[in-house]
Amino acid sequence: NYVLACYTVALIRGETIKGLRIKLATLNKYVTAAVKIMSACQVLGCDMNPRNSPIDYVTILLDAVHKYEGVKRRREMIYDDMFHDMLAHARLRDPDGREAAILDWLILSRYTGFRAEEYCQKATKRYEEVDVPPRLWEGERTKAFIASDFEFFDERYRPLSDITTHTDISSVRYVRIRWRWQKNLDHGECI
């Protein structure tokens, strides 16, 4: 199943003969053909069907593609090789510059999975507020993150209180983020 799952990931990433990304219907045909080839040894008495393993990773991947293709106005995903390329370019730029800041947000969003309304606002003068009764909410009511929503810790989980642009970031080992607004209504959760 791992071999077939890796093959499926390669297809999802566009590693096909023509180097094109393929849709779910075509992906299913490729996977079905691979299963036939891998199961051909059943005639010899051994069950090599990769879809018979305890965890069917291929179905998990195909379900994710199905869900992704169902998203309206979706954009292309950012893959590892794209991040590596962006990191290589960012090393040549000012570490406090626009490119570095955008890359930092992209990396953070990739691993935390937050949506636009959690980290940005639609206007510069007026901001959206968390729609929660005041008795259930403390502090700033902005939906988007603000600086105090991020807490940084060292390797012993001690808070690093004076984080500035001149701080040596190699001392940061953990970050705790306060999610002001969440789709699951668990507003204010710290993770």
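How many bridges join strand β2 to β3? In this predicted model, strand β2, which covers residues 174-179, is joined to β3 by two bridges. The two strands run antiparallel. One of the facing pairs consists of Trp-179 and Glu-189, the latter in β3. Arg-178 has Cys-190 of β3 as its bridge partner.

Strand β2 also pairs with β1, again in the antiparallel sense, and this pairing extends over four bridges. Here Glu-151 stands opposite Arg-176, a residue of β2. Together the three strands form an open sheet in the order β1-β2-β3, with antiparallel pairing. The edges of the sheet are formed by β1, residues 150-153, and β3, residues 189-190, each of which pairs on one side only. In general, the strands of a sheet pair through backbone hydrogen bonds, in either a parallel or an antiparallel arrangement.

A helix pair was examined next. Helix α1 spans residues 2-12 and helix α3 spans residues 57-69. The two pack with their axes 8 Å apart, at an angle of about 20 degrees. Because angles under 35 degrees count as roughly parallel, α1 is described as roughly parallel to α3. The crossing in which α1 passes α3 is right-handed.

On the α1 side, the contact is made by Tyr-2, Leu-4, Ala-5, Thr-8, Val-9 and Ile-12. These residues meet Tyr-57, Val-58, Leu-61, Leu-62 and Val-65 of α3. By class, the residues of this contact comprise 10 nonpolar and one polar, with no charged residue.

Another helix, α2, comprises residues 24-38 and contains Tyr-30. The relative accessible area of Tyr-30 is 31%. This value lies between the 20% limit for buried residues and the 50% limit for exposed ones, so Tyr-30 is classed as partly exposed. When neighbours within four places in sequence are left aside, the contacts of Tyr-30 are with Tyr-7, Leu-11 and Ile-22. Between the C-alpha atoms of Tyr-30 and Thr-8 the separation is 8.5 Å, while the two residues are 22 residues apart along the chain. Thr-8 is also among the α1 residues that meet α3.

Note on methods: Residues are numbered from 1 along each chain as its sequence is written. This is a predicted model: local features need pLDDT of at least 70, side-chain atom pairs count only at pLDDT 80 or more; totals for chains, interfaces and linings use all residues. Side-chain values use heavy atoms; hydrogens and water are left out. Two strands pair if DSSP finds at least two bridges between them. Axes are lines fitted to C-alpha atoms, for helices over the stretch in contact, and angles run from 0 to 180 degrees between N-to-C directions. Angles under 35 degrees count as roughly parallel, over 145 as roughly antiparallel, 65 to 115 as roughly perpendicular and the rest as oblique. A crossing is left-handed if the near helix is turned anticlockwise from the far one by less than a right angle, and right-handed if clockwise. Contact means heavy atoms within 4.5 Å. Ala, Val, Leu, Ile, Met, Phe, Trp, Tyr, Cys and Pro count as nonpolar, Asp, Glu, Lys and Arg as charged, and the others, Gly among them, as polar. Buried means under 20% relative accessible area, exposed over 50%, partly exposed in between (1.4 Å probe, protein chains only).
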